[in-house]
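Q: I would like to learn how the features of a multi-chain model are read. May we take them in turn, beginning with the contacts between chains?

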Amino acid sequence: MEVNVIIFYIGILLIVALVLLLIALVILYLRSANNLQKLKEEKETNWRAQMSSAQATVKKVIEDAHTNAGQIVGSAEIFKKEQIDKVNIEINKAITHYTENYNRVLVNLQNEMVNVLKNTPKDIQVGVVKQLQILRDTLQKDLATSRKDVSDLIEKEYTKMHNDLESYKQAKVAQLDKSIFKIIQYVSRRVLTKEINAEEHEKLVIKALEEAKRQEMIKTEIVDTDSNQPVNTKQELGKNSQVNTPKPQI
Amino acid sequence: MQSEIFSKIITVEDIDKVSDELDILLASLYKEKGRGLESALKYNVRAWFSEMLKNEITNNNIGVEKYLRQMKKELAQYTEVTLILAYEPSLSSMERFQSVLKSYIGKNVALDISYMPNLLAGAVIIYKGRYIDLSLKRAFEEELQKNREEIMNLLVDESENNNQKSNEIQIT
Amino acid sequence: MKDFNYYLEDIGEIGFIKEIVHSIAYASGLPDVHPNEVVLFESGTVGQVISFDMDVVEILILTGTKVKVGTRVVRTGELLEVPVGNSLLGNMVDPLVNPVAGASTIKADKYSPIDTQPHGIVGREQVNEPLETGVTLIDLVVPIAKGQRELVIGDRKTGKASLLLQVMGSQAAKGTICIYAAIGQRLIEINSKAEYFKAKGVEKNTIIVASSASDPAGLIFLTPYTAMTIAEFFRDQGKDVLLILDDMSTHARVYREISLLAKRFPGRSSYPGDIFYVQARLIERAGNYKTGSITCLPVAESILGDLSGYIQTNLMAMTDGHIFFDIDLYNEGKRPAVSPFLSVTRVGHQAQSLLLKEISRELSSFLVKYDRMKQFMHFGAEVGENVRNIIEIGAKIDAFFNQPPDSSIPINVNVLILIGIWTGIWNEVDTAVLVREMNHLIKIYSEDEKFRKQIDEIINSHNNLSELINTFRLNKEIILSRLDRPKKQ
């Protein structure tokens with residue numbers, strides 16, 4: 001029984017504790033809500049203030065930037081002008097520098113060339129002499145070979161010409177012979193024609209007729225007495241009159 | 001048919017002339033009321049031909065037209081022989097040739113004579129399409145060709161002799 | 001040929017010209033003259049004896065020099081012979097085988113008579129090898145074989161000469177000896193043909209035997225005989241020869257002129273009674289022999305498509321078929337304008353393989369069906385799907401047969417394209433695309449050796465059309481892969 005009472009009192013204590021806790025929690029909650037509300041309001045005002053301040057700053061920054069930019073541009077132009085001037089000065093400097101250098105170099109070169117020219121004759125002389133020597137040797141060689149070639153060529157041409165002349169001579173001689181022979185023929189014909197008189201001509205013609213008869217070129221014609229027409233005798237074929245009809249080769 | 005006129009025919013031209021004259025006479029037979037023949041004989045044909053014909057017509061009793069046509073037939077029977085000669089033969093020579101040929105052929109022969117002097121002598125004979133050269137030209141040229149060298153050598157010898165002689169003359 | 005005096009001395013006969021009528025001279029003398037013997041005039045003119053009687057010899061003048069009455073003439077004792085040899089290749093010659101201006105000198109291997117008797121049966125062989133012309137329509141529908149005589153007939157200006165040149169170019173490139181006989185043509189046309197062969201690069205396998213319209217009638221008449229004599233020379237060397245006689249109607253006209261001048265009695269259409277014999281004994285000399293072959297393509301001209309003319313029917317009777325050029329097809333724009341219905345080949349099919357024979361048969365029957373359907377369509381009747389299919393395929397086959405004159409298409413490509421059409425590869429495409437793709441296939445076949453071998457193997461391994469169609473139907477990519485078509489998404 002004591003245990004139960006203890007438990008009971010513990011329980012009541014616990015309940016009371018819980019209730020107190022609860023009340024505390026509620027109070028806390030309310031407080032925090034209030035705080036939150038306050039904070040929100042603060043925040044809002046802050047934010048607005050911040051916004052306005054930010055705007056102001058931004059404005060300011062922009063203005064500053066603008067003025068700065070203007071300054072920069074202005075300075076840039078100035079800078080540009082200054083730079084151009086500087087660059088010009090530098091260029092001029094460089095020009096003078098390089099021209100001086102160039103002149104120096106030219107002068108040096110000139111001097112050197114003069115030196116070289118003074119020296120080259122000697123070198124050239126030596127070189128030229130060498131080259132001349134070589135040239136002379138080759139020329140001599142070439143001359144010798146060309147002399148030989150020319151002499152060979154001349155000899156060849158000479159023999160060719162000689163042969164041509166010979167053949168020309170022979171052809172001409174043959175032609176002459178032919179012409180002479182023709183003349184002899186012509187003259188002999190003329191002489192013969194004059195020499196043979198009409199009687200001899202007649203005899204020769206009759207001899208020719210006899211020869212033709214002998215060779216059976218002139219034959220006696222057999223005539224049919226009733227019709228007075230020649231009888232068709234089968235003619236002998238002439239010696240070369242056989243003509244063969246070609247047959248195909250298989 | 002025997003006729004004096006045929007004895008005058010030797011060459012092909014003679015045949016053509018006589019044939020033409022016979023054609024003229026035949027064409028004139030029935031003209032001018034039967035007197036055409038007389039007029040033609042007088043004016044259109046040769047005198048000797050006209051004379052001979054008149055004699056023969058009077059001697060033969062077969063009628064003019066038949067006689068003329070027979071003559072034409074006879075003329076057509078003539079065989080033609082072409083002779084190419086190296087000279088121009090006389091009439092008597094041509095008659096000789098004609099008679100020789102007639103004896104060989106056995107028919108009347110008409111000669112077609114051409115003149116080609118380069119034949120030298122002899123004849124080229126063409127008879128019924130056959131050709132034979134029996135002229136001296138061929139034989140002459142063959143001989144010349146055969147003996148060409150000999151002839152040329154002769155020439156050379158002659159010219160050498162002449163040169164020698166001229167040299168001797170010069171020296172003297 | 002020797003000179004006048006030589007023959008005069010040698011033979012011992014002489015004649016004299018009594019009368020001249022255009023190209024025929026009448027001479028007296030020459031007692032032992034033979035028919036067709038060559039005679040020589042004193043002026044150098046050559047003539048040929050065509051006939052003689054007791055009094056007069058009729059001589060056909062062959063060369064152009066003037067002959068006068070009274071000119072002497074001698075016999076040569078020879079028949080007309082022409083020089084033949086390998087040096088003729090690449091040259092243009094006249095009917096007496098004298099080089100025409102610009103041609104090189106001819107070195108004769110031998111002299112052959114122009115007019116010989118045709119071979120008998122002994123020595124000939126059956127026609128057994130096809131002649132690939134390179135023209136689709138001819139190779140598939142009206143095929144020609146080596147040794148065949150095939151007449152090419154049609155109206156003037158229907159493309160006959162173009163086809164012949166195409167065939168010649170295609171065959172010359174394969175090594176066949178090609179001989180073109182230009183019978184009485186204009187010089188400008190003859191020259192253009194010579195230029196064509198030069199441009200194609202095949203002139204070393206070609207010979208042109210040419211006579212122009214201004215030549216003597218006797219010379220024009222001899223042209224095809226000379227061409228045939230030259231063809232026989234190459235045939236005897238074991239080569240295949242293609243001989244084109246362009247054209248035999250002109251030859252007949254020239255022979256008619258000669259006969260009428262020679263006072264022969266005129267027959268039908270004033271042609272002489274022996275016109276058939278004169279042309280038949282020429283064409284009979286062509287054929288397939290043990291040594292080689294002569295394929296002859298004589299050309300004939302018809303008037304307004306009339307195949308029943310005298311010379312035309314004669315030539316059709318002496319040849320192994322004809323290729324007919326229809327003027328209506330030509331006017332419709334078809335090239336070549338060959339009518340597959342009126343063209344005939346009597347021995348071409350026996351040289352084809354079984355497959356090609358079947359293709360030819362099927363194609364011919366299809367073309368008949370297609371033609372009937374087209375006529376049916378004229379009436380404007382509504383047609384079923386079957387008919388529409390036939391007309392569509394027929395239109396594609398028409399486009400397939402149209403071929404430019406300078407192209408030569410191998411037979412296997414033709415088979416390939418035809419099978420492609422049949423298996424429906426070109427069903428969804430229009431004609432322009434079909435033509436483009438066909439040309440593309442032809443190009444690939446000629447350039448790509450692998451593709452060519454593949455196609456040749458497939459086609460040669462089939463004896464049956466339906467089997468071949470099945471093969472391609474199952475393996476369409478063989479063709480499609482080469483067509484470069486955009487892929488369907």
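Q: How many residues does the contact take from chain A and from chain B?

A: Please keep in mind throughout that this is a predicted model. An interface can be described in more than one way. The size of an interface is often given as the accessible area lost when the parts come together. Here the description is by residues instead: chain A contributes 27 residues to the contact and chain B contributes 32 residues.

Q: Which elements of chain A supply at least two residues each to the side that touches chain B, and which gives the most?

A: Two helices of chain A do so, α1 (2-195) and α2 (198-214). The most comes from α2(A), with eleven residues.

Q: How do the residues on that side of chain A divide into nonpolar, polar and charged?

A: The side of chain A that touches chain B has 15 nonpolar, six polar and six charged residues.

Q: How many residues does the contact take from chain B and from chain C?

A: It takes six residues from chain B and eight residues from chain C. On the side of chain B that touches chain C, the largest share is that of strand β4 (residues 130-135) of chain B, with three residues. By class, that side of chain B has three nonpolar residues, one polar and two charged.

Q: Turning to domains, into which domains is chain B divided?

A: Chain B consists of domain 1 (4-76), domain 2 (79-135) and domain 3 (140-171). For domain 1 and domain 3 of chain B, the centres, taken over C-alpha atoms, are 64 Å apart.

Q: Into which domains is chain C divided?

A: The domains of chain C are domain 1 (4-78), domain 2 (83-351) and domain 3 (356-480). Between the centres of domain 2 and domain 3 of chain C, again taken over C-alpha atoms, there are 32 Å.

Q: How many residues of domain 2 of chain C are in contact with domain 3 of chain C, and which element gives the most to that side of domain 2?

A: The contact joins 18 residues of domain 2 of chain C to 15 residues of domain 3 of chain C. On the domain 2 side, α2 (136-141) and α3 (160-173) of chain C each supply at least two residues. The most is given by α2(C), with five residues. The residues on this side of domain 2 of chain C divide into seven nonpolar, seven polar and four charged.

Q: How is a pair of helices read, and at what angle do the axes of α6 and α7 of chain C cross?

A: One considers the approach of the axes, their angle and the handedness of the crossing. In chain C, the axes of helix α6 (residues 248-261) and helix α7 (residues 275-283) come within 11 Å and cross at roughly 135°. Roughly antiparallel would require an angle over 145 degrees, and α6(C) and α7(C) are therefore oblique to each other. Their crossing is right-handed.

Q: Which residues make the contact of α6(C) with α7(C)?

A: From α6(C) come Met248(C), Ala252(C) and Tyr255(C), and from α7(C) come Ile275(C), Val278(C) and Gln279(C). Five of the residues in this contact are nonpolar, one is polar and none is charged.

Q: What describes chain C as a whole, in terms of secondary structure, extent and burial?

A: Chain C has 16 helices and 19 strands. Its C-alpha atoms fill a box of roughly 95 × 50 × 40 Å along the principal axes. Of the 489 residues in chain C, 45% are buried. Among the contacts in chain C with a separation of 6 or more, 70% are between residues 24 or more positions apart.

Terms used. Residues numbered from 1 in each chain as written. Chains lettered and ligands numbered in written order. Predicted model: local features only at pLDDT ≥ 70, side-chain atom pairs only at ≥ 80, totals over all residues. Contact = placed C-beta atoms within 7 Å. Helix = DSSP H or I, 4+ residues; strand = E, 2+ residues; numbered from the N terminus. Nonpolar A, V, L, I, M, F, W, Y, C, P; charged D, E, K, R; others polar. Domains from an automatic or database assignment. Axes fitted to C-alpha atoms, helices over the stretch in contact; angles between N-to-C directions. Parallel < 35°, antiparallel > 145°, perpendicular 65-115°, else oblique. Left-handed = near helix turned anticlockwise from the far one by under 90°. Buried ≥ 20, exposed ≤ 12 C-beta atoms within 10 Å, placed from the backbone.
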